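Please read the following walk through one protein model alongside its sequence and coordinates.

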Amino acid sequence: MFELFHQQHPAETLCYETYRVIFNNRFDISFGFPRSDTCFVCDQINAKLTCLDSKLQSGSGETAALEQERAQ
């Protein structure tokens, strides 16, 4: 939204922090990460990473293959 603001008002010299403060105070809208609503793809990736991390910590013999899979 900040980029859209700059596109519509190119003469304004407003930094992101000022834009954020105005949004938070005047419109009662805050910026942050979603805590409950996540997309399906993100949930799958996080589940795979958690599984791979637990396998790496358990010391299975396939450490190199697991590290390579995690890097992908």
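The paragraphs below go from the overall fold to single residues.

The model is predicted. Its secondary structure consists of four helices and zero strands, and read from the N terminus the order of elements is α-α-α-α. Of the 72 residues in the protein, 7% are buried. The accessible surface of the protein amounts to about 6,400 Å², and carbon and sulfur atoms account for 54% of that surface.

Helix H2 covers residues 16–27 and contains arginine 20. The relative accessible area of arginine 20 is 25%. Buried would require a value under 20% and exposed a value over 50%, so arginine 20, at 25%, counts as partly exposed. Arginine 20 can also be placed relative to phenylalanine 2: the two are 18 residues apart in sequence, and their C-alpha atoms are 8.5 Å apart in space.

Helix H3 spans residues 40–58, and isoleucine 45 is located in this helix. With a relative accessible area of 47%, isoleucine 45 is partly exposed as well, because that value lies between the 20% and 50% limits.

Isoleucine 45 also belongs to a surface feature. Together with Phe40 and Val41, Ile45 makes up a nonpolar patch on the surface.

Notes: Residues numbered from 1 in each chain as written. Predicted model: local features only at pLDDT ≥ 70, side-chain atom pairs only at ≥ 80, totals over all residues. Heavy atoms only, no water. Patch = residues over 30% accessible without salt bridge, like charges linked within 9 Å, V, L, I, M, F, W, Y side chains within 5 Å. Areas by Shrake-Rupley, 256 points an atom, 1.4 Å probe, with all protein chains shown as cover. Salt bridge = Lys/Arg side-chain N within 4 Å of Asp/Glu carboxyl O. Helix = DSSP H or I, 4+ residues; strand = E, 2+ residues; numbered from the N terminus. Buried < 20%, exposed > 50% of the residue type's maximum accessible area, 1.4 Å probe, protein only.
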